[in-house]
Amino acid sequence: MPVHAKNTKSAVDAQQTKYVYDFSEGNKDLKGLLGGKGANLAEMTNLGLPVPPGFTITTEACKAYLDSGEAPAQLRDEVSAHLSALEERMGKKLGQADDPLLVSVRSGAKFSMPGMMDTVLNIGLSDESVHGLVAQSGDERFAWDSYRRLIQMFGDTVLGIHGERFSETLEEAKSARGATTDVDLSAEALKELVTKFKNIVSEETGRDFPQDPREQMDLAVRAVFDSWNGSRARLYRRQERIPHDLGTAVNICSMVFGNLGPTAGSLGGGTGVAFTRDPASGQQGVYGDYLPNAQGEDVVAGIRNTVPLADLEALDKASYDQLMQIMETLENHYRDLCDIEFTIERGKLWMLQTRVGKRTAAAAFRIATQLVDQGLIDEAEALRRVNGSQLAQLMFPRFDSNGGVKNADQIGWGIAASPGAAVGKAVFDSYTAIKWSRSGEKVILIRRETNPDDLDGMLAAEGILTSRGGKTSHAAVVARGMGKTCVCGAEELEVDTKRRCLKAPGGTVVEEGDVVSIDGSTGKVYAGEVPVVPSPVVEYFEGRMHAGADDADELVKAVHRIMAYADRVRRLRVRANADNAEDAARARRFGAQGIGLCRTEHMFLGERRELVERLILADTEEERKRALHALLPLQQGDFVELFESMDGLPVTVRLLDPPLHEFLPDITELSVRVALAESRKDANENDLRLLQAVHRLHEQNPMLGLRGVRLGLVIPGLFTMQIRAIAEAAAERKAGGGDPRAEIMIPLVGTVQELELVREEAEQVITEVERERGVALGLSLGTMIELPRAALTAGQIAECADFFSFGTNDLTQTVWAFSRDDVEASFFTAYLEKGIFGVSPFETIDKDGVGSLVRSAAEAGRATRPDLKLGVCGEHGGDPESVHFFHEVGLDYVSCSPFRIPVARLEAGRAAAQQEATA
């Protein structure tokens, strides 16, 4: 009975749903229902602009079709009613033999998806009605050309015939008659071409080209519906993060013809695309292309060379002047850059489409501030119209697109892991990268994959190229954090680190020392040097370029204005993930308001690794104390530099987190070394002890093993040493007149008892230092929330914590039961292709899973302790979409790599502005 009731309700709902709207019934705010194209056609109709009459089939009809495989029962009747109204208005019927009404069938989704879905023009032409079109137009060539176009587009789009069958036949026809373009073909030639095209349809489909105009239209509508799930459309939506469940609308519009020749006393026509401003730079002016004697899709298809839109003034001044007036009307109405498609039929201008135009990142910032100056929008709206991804594009160096890339020798293609352009000599290990860099050489570090030992080499390199890994591999994550250009997963490139060379398809070999160029924005790899253009925006953030200077770049001025407003309105503070004074200083120049994550394990690499080895190998309490005593002043010195760089701002120091085996040699490499030494009867005692330690510390799943707070509880004195170093450094800075604001963060806590034990020990150490130095340090202690249990018991943990910092990297791994280093290389690509992920949960916070834990933990923590400080220090802290989520759930700050700080600042401002707009 419940099932029957549900089905009855669905049937009633379907009967009540309106699936078809006349252009005069909609408006620009109905994009979800009418699609962007249909909504904007309706808006232009309401503005009284010259729009060919027509109607729109809604996205609801498409979704119903895709869900069931059949169009809604009442859709045909609704279409028939609107078609009859259109026929009455036009004074002729669809496909009428003596005077045919012809229509176009075009897709139009809520979000613009250029070229991703299907269009068919000239629906209604047949063997019979083509003669009526000849009689009515007085242009035989035009009529047969229109019929040729219909069969070609219908065959490709609706019948699934490969487009090359038609294009090759067209080229043969032109060649046989010595024609340069299709415009040069005569009426007789086009008649023959129509016959050949119809034969192609028969051969490929086993049926004749449909002659019933209503059948043509219905099949075209179905093809548009089906194109929503086409492979290119799905791929585009994944890239642009457009939901797959929106569906597309279908616009049925009476045809106007730019390829209809002139008559006595009338001008000819053409078709064009116009922008109210330059979409590349944002400059105001006349921008666009025009193609005389052409039809709708010809400009986009590129079948002939266009002329600049400004040339239209000389060809048809009346239409040009009218177009300029309409462009001004549309920009003032939409208060934004508009992209316009138009056709001129025998001197009559028709508007076929308008939309808020896509633009480059630079144009987005310039246009936003220009529109503020014109009084069309306010500063809040300007902020909402730009985004962090665009700002990130402006910050990276880029290859010169005005010739450099076009002439470059591309040898490979990988994953665009970290944007930017980098040029340097190929090196195949970190030692060489450091050595050559110190000699003044610019290098590209090329590896199969990177690991923590490569950190110094990555710092020294201009960019990183790996043949393995993906967007969340070690190389990618570290490179993005450092603002380094990176291309990962270039699988077609064979990296031979022993022979120090790279082999590319086609036989190209790159030896060490050869120059290579990598583009982290596209994933392309080039042999040789490609010219690079520096980013003035980074120069501005670094303080080397001032927005108020007379010679300041216009783009820099626009970025400065929008950033200043974002900083004024944002609630979220932005901190940096920084482990050394150099990164901290850069972060502060970029606008950081403190350090949200200092990873102390990075302080134990390089020459200090030996001291950690001593700690691990210690057999007695005395040996362990000596090792810790040796590390103490080094740690203290590191913290003094950090506190000095961030004087007056909070610095959150995470105590040692990774398992100790990461500080020991690789087990395989060490085993081989020991075995070879023993075979030569030259065993090294230290190597033997190291190997024993490696075996002792080896874990099947170290991510969930002896690490974080567990290290501090199991290895006596380890956390105590670090806490003392922090306290001593803070006391030293205070004695020097500084204002250190240290926060001590305990990692990987899963239960409040762990935190209680560490806090008790920490408070004893801090009290000792305060008593010895005679100064109050005001240090706070908190924890990372990076385990599901910690999130679920956050109310208890808050009793013992001054702050929470959500470690969303590990929280994502533990919630999903993913090992980030493994899953991306194995099945992430398949998950993305199948639509399980719209985007990797390591790039953007998984709101439903990980995000719900963050939300509930924040609420529970604040319920226990209302003044609990809340932040996030995972990589999500610099992700634009994630920043909005963290604003929504009430965190106090986000923390990210220094290079991403401007992006986080901008997005924090946008989150506040959007919340204000919807309040």
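In which sense do strand 25 and strand 26 pair, and over how many bridges? Strand 25 (residues 595–599) and strand 26 (residues 650–654) run parallel to each other where they pair, and three bridges join them. The model described here is predicted. The protein contains 36 helices and 31 strands, and 55% of its 919 residues are buried.

**Overall dimensions and contacts**

- The C-alpha trace of the protein spans about 105 × 70 × 65 Å along its principal axes.
- Of the contacts between residues at least 6 apart in sequence, 68% join residues at least 24 apart.
- Glu171 and Gly483 are 312 residues apart along the chain, and 49 Å separates their C-alpha atoms.

**The barrel**

- Eight strands with parallel pairing close into a barrel, and their order is 24-25-26-27-28-29-30-31.
- In this sheet, neighbouring strands are turned against each other by 25° on average, with direction ignored.
- Within the pairing of strand 25 with strand 26, Arg599 stands opposite Arg654 of strand 26.

- Another set of eight strands forms an open sheet with mixed pairing, in the order 12-22-21-14-15-16-17-13.
- Its edges are strand 12 (409–413) and strand 13 (415–418), each of which pairs on one side only.
- The twist from one strand to the next averages 30° in this sheet.
- Strand 12 pairs with strand 22 (residues 524–527) in the antiparallel sense, over four bridges.
- Trp413 stands opposite Lys524, a residue of strand 22.
- Helix 17 (residues 430–438) packs on the sheet and touches both strand 14 (421–427) and strand 15 (443–447).
- The direction of helix 17 makes about 110° with that of strand 14.

**Helix 28 against helix 29**

- Helix 28 (residues 718–735) packs against helix 29 (residues 752–773) at an angle of about 35°, and their axes are 9 Å apart.

**Nonpolar cores**

- The largest nonpolar core has 137 residues, and Phe365, Leu391 and Val559 have the most contacts inside it.
- Helix 28 gives the most to this core, with 10 residues.
- Apart from its neighbours within four places in sequence, Phe365 is in contact with a set of residues that includes Val386, Asn387, Gln390, Leu391 and Leu394.
- Also among the contacts of Phe365 are Leu555, Ala558, Val559, Ile562 and Leu906.

**Glu171**

- Glu171 lies in helix 7, which covers residues 163–176.
- Glu171 counts as partly exposed because its relative accessible area is 44%, a value between the 20% limit for buried residues and the 50% limit for exposed ones.

Key:
Residues numbered from 1 in each chain as written. Predicted model: local features only at pLDDT ≥ 70, side-chain atom pairs only at ≥ 80, totals over all residues. Heavy atoms only, no water. Pairing = 2+ DSSP bridges. Helix = DSSP H or I, 4+ residues; strand = E, 2+ residues; numbered from the N terminus. Axes fitted to C-alpha atoms, helices over the stretch in contact; angles between N-to-C directions. Contact = heavy atoms within 4.5 Å. Core = buried A, V, L, I, M, F, W, Y, C linked by side-chain atoms within 4.5 Å. Buried < 20%, exposed > 50% of the residue type's maximum accessible area, 1.4 Å probe, protein only.
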